[in-house]
Amino acid sequence: MTNTLELRDVSVAIEERPIINSLSFSLEKGEIACLLGPSGCGKTTLLRTIAGFERPTTGEVWLESRLVSDEHIMVPVEDRKVGMVFQDYALFPHLNVKDNIAFGLQQMNSNERKARVEEMAELLEVSSFLNDYPHRLSGGQQQRVALARAIATRPNVLLLDEPFASLDIELREQIAKEMRTVLKANGVTAILVSHNQMEAFAMADTIGVMRDGALLQWDNAFTLYHRPVCTYVADFVGDGVFLPGKVINSTNVETELGIINGGQSHGFAFDDEVIVLIRPDDIIHDDSSGMQAKVQDKAFRGAEFLYTLALESGLQVLTLVPSHHNHALDESIGIRLEIDHLVVFPAQ
Amino acid sequence: MSSLGLLSWPGFIPDWIQRSRFHPWLMGLILIASLLAIPVFCILLSVFLDSGDVWQHLYETVLVSYILNSLALVSGVGFLVLSLGIIPAWLVTMYKFPGRKILSWALLLPMAIPAYIIAYTYTGMLDVAGPLQIMLREFFAWEYGDYWFPEVRSLGGAIFMLALVLYPYVYLLSRAAFIEQSLCVLEVSRTLGCGPFRSFYKVAIPLARPAIIAGLSLVMMETLADYGTVQYFGVATFTTGIFRTWFGLGSSVAAAQLAVVLLMLIMLVVILEAWSRQQARYHHTSNRYSKLIRKPLRGVPGSIATIACVLPVAFGFVIPAVQLFIWARQTWSDVIDKEFFALIGHSVELAAIASVTAVLLTLFIAYGKRLFSNPLTSFIVRFLGMGYAIPGTVIAVGVLIPFAWLDNSVDAWMRLHMGVSTGLLFSGTIFALIFAYLVRFLPVSLNAVDAGLSKVRPSMDEAGRSMGLNAGNILRKIHVPMLKGSILTAALLVFVDVLKELPATLILRPFNFNTLAIRTYELANEERLAEAASPALAIVLVGIIPVIILSRSISRSRTGHD
């Protein structure tokens, strides 16, 4: 299967300042990816490079097997067939919803255009306010119009720049899921930019974690969480702590919580000083366990508590416990380890 | 009634007056508004008076040509200012090219030159005895009459002159609109398949349209109000017609009736402007502005951009200013004498009295609006704001009619009862002139002060109060420091406007009372253009002040963008 979008060693600099460093990835048709990273990591610049607003200093961008950007070639934005949804949606305030959606459909005759607008309106449930102007719409409605406008042209790839940032926090995950359903049902290839991992988990098949213009890891959500390739990804995605340990053999590491067996080789040599990633779900609260830890902090999360526990040495670990186990601060509770994925990094 | 206002505190003004409909402050507002409404009111009343056969005569001979000339003038100037204003505005907002920074404010400079002065200057430069034609004749060895040369003193010439000094209104407002547009909107249009040019006219222009129309309507008002240019070029329009009917045909009623027709034309423009401002509210694209990164233009496109921005500045300011300077240097030994300093004295006297009075009235009105925010006060403020749309010629006629009536009545009464003749008490005095200036230029200072006062939010008064300041201290420690700048701006703007004003001064001035503007007009009409250069140059130099104020306030309010 050919790739819809492919980036080969792309580097970008803006006003002489390097933003993206030799970055590569590819997307298959219908795949949804998310570029995840803190603000300033270059993810939006990368999106704009794919759209054609920025030119790579080195490397190549391929869209539908066509070279669209390199040091010499720069296909203009309007000839790339990319759809884009901006953070503020950028609806045209002088056009009503219908004309906003029809804006990119200049090539069609009026019947085709009308049919396509209606189809999009139905798909994104905006039919009831087709004749309204953007300033009358709520944030969520504006976003659906922006999405309808972007996919009406059947773009090669849809680019979404922080599409949920302007919405109420409670709505974001739900809308992300609905958006995913729409995109999947229509086979749209899409890249989303976000700094929020929950949005990324809800929307994307593949997530790329970025830092300082580099792509650290390109994987699905499960792998990112359980098999992070570096401490940065481990730290950025999900909660967790690093416990110092010592390598006993090719599969086992000894830590304060005892000997942890990962079931497969971790690649470090005997006696190496390492750190082990302990996720909250790796530690189970068990009253009958002999291993004790003291409650230092607790955060109520509805169905569960996130406890911060202090081990004897003072090192802290996190654990998620069903919320009927309501323990007081400074109380000692029994814990045991249940680690499916042993994640080991060299000690810093 | 606003309970937030400074003076509504218990004890400052008794509560019963505070709640009374006849609060002295409100009464004062109504009085000011009524007085300033007198000229327009008198003009409108003239519709019911009989002007004898003069109106019939006007109707049969010149009225149609007034209308046609005014329409041609307005549409010609309108068309020209659109291209002269919008293109540079777009270029300096979106692109980086040689000279952009200087040009972005230099494009405002033509505002410093009153239309009549640029008209005199170009006439002197381009006529048969002017430097350009002499050069052509010498170079090609032509004789006078051998060649065709465009006549500046024509309708077409007037259109060019007015457009050259009025385009900055369109430039200013469309630039502000372009800066406010979210860049994302343009980029979205690119991703939807529109190239840069198509995006410009399908997205950027429609979005800026309300601002462009607002600028255009200001230009139209100024064009309809112009007297100096059309008079000098012999283009018959309403303003010259009003003048001719009054002083030539001696019919004040017919002159006032002509003014009514002109006012109706202007009313249309005012409505257009109000409507477009209404629209502008819905054209805000975003509250989230990404920093504008201007695209560099190098080589040929860069040079074209520079030229496109240099041309309006060169023809609208640099060339006429340099010509004025050359003439002034040739003639100032003859021109600058005691009489010249008397001109400056008169101009400054009028401008200073008018600006101080305007600012005092403005403070009274602006605080009135703040203390009593109700439909009546906001109507009064909006009503007074319309004075700027009324041409000086019309105001002058509207001032002259009631003042003459008053003088005659007082004179008759005094003669009857005291046996003395008082003659002209009001008309033909500085008082009448100042009154006319206030009607026309009060809106200028009202705008400036109102903008400043709105920055002193009621919560600041309350904060001051909570820290134990009394009313006087709040005025002194919060309001005065915050308003100082806007008050000074208001005074300066009125000062400069009065100094440049021609037709009202011409009609209402006391006998033999000359100002810089009047002297420029007189010398030009005696075809002594080189001698007119010194007073003209003085007006232009003073006229640069508001341009500097304007560009400074723009750069301050948009620090995020520049």
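**Helices 9 and 10, chain B**

I looked up how helix 9 and helix 10 of chain B lie against each other: they are oblique, so I noted the cut-offs (under 35 degrees is roughly parallel, over 145 roughly antiparallel, 65 to 115 roughly perpendicular, the rest oblique). This is a predicted model, in which local features need pLDDT of at least 70 and side-chain atom pairs count only at pLDDT 80 or more, while totals for chains, interfaces and linings use all residues. Residues are numbered from 1 along each chain as its sequence is written, and chains are lettered from A and ligands numbered from 1 in the order in which they are written.

Helix 9 covers residues 183-191, and its axis comes within 10 Å of that of helix 10 of chain B, crossing at roughly 135°. Axes are lines fitted to C-alpha atoms, for helices over the stretch in contact, and angles run from 0 to 180 degrees between N-to-C directions. Helices (H or I, at least four residues) and strands (E, at least two) are DSSP runs, numbered from the N terminus.

Contact here is C-beta atoms, placed from the backbone, within 7 Å. The classes in the contact of helix 9 with helix 10 of chain B are four nonpolar, two polar and two charged. Nonpolar covers Ala, Val, Leu, Ile, Met, Phe, Trp, Tyr, Cys and Pro; charged covers Asp, Glu, Lys and Arg; the others, Gly among them, are polar.

**Helices 6 and 8, chain B**

Next I checked helix 6 (residues 115-126) and helix 8 (residues 155-180) of chain B, which pack at about 130° with axes 9 Å apart. Their crossing is right-handed. Ala115(B), Ile118(B), Ala119(B) and Tyr122(B) of helix 6 meet Met161(B), Leu162(B), Leu164(B) and Val165(B) of helix 8. I counted by class in the contact of helix 6 with helix 8 of chain B: eight nonpolar, no polar and no charged.

**Domains of chain B**

Chain B splits into domain 1 (62-237 + 270-324) and domain 2 (336-525); the bounds come from an automatic or database domain assignment. I found their C-alpha centres 30 Å apart. Each domain of chain B gives eleven residues to the contact. On the domain 1 side, helix 6, helix 10 (196-225) and helix 11 (228-233) of chain B give two or more residues each. That side has ten nonpolar, one polar and no charged residues.

**Sheet in chain A**

I then turned to an open sheet of six strands in chain A, order 6-7-8-3-9-10, with mixed pairing. Strands pair if DSSP finds at least two bridges between them. Strand 6 (82-85) and strand 10 (214-219) of chain A stand at the edges with a single partner each, so one side of each has no neighbour in the sheet. Neighbouring strands of this sheet are turned by 20° on average, direction ignored. Strand 3 (residues 32-36) and strand 8 (residues 190-194) of chain A run parallel, joined by five bridges.

**Chain A with chain B**

Last, I looked at the chain contact: 21 residues of chain A touch 20 of chain B. Strand 6 gives the largest share of the chain A side, three residues.

Note on methods:
Two residues are in contact if their C-beta atoms, placed from the backbone, lie within 7 Å. A crossing is left-handed if the near helix is turned anticlockwise from the far one by less than a right angle, and right-handed if clockwise.
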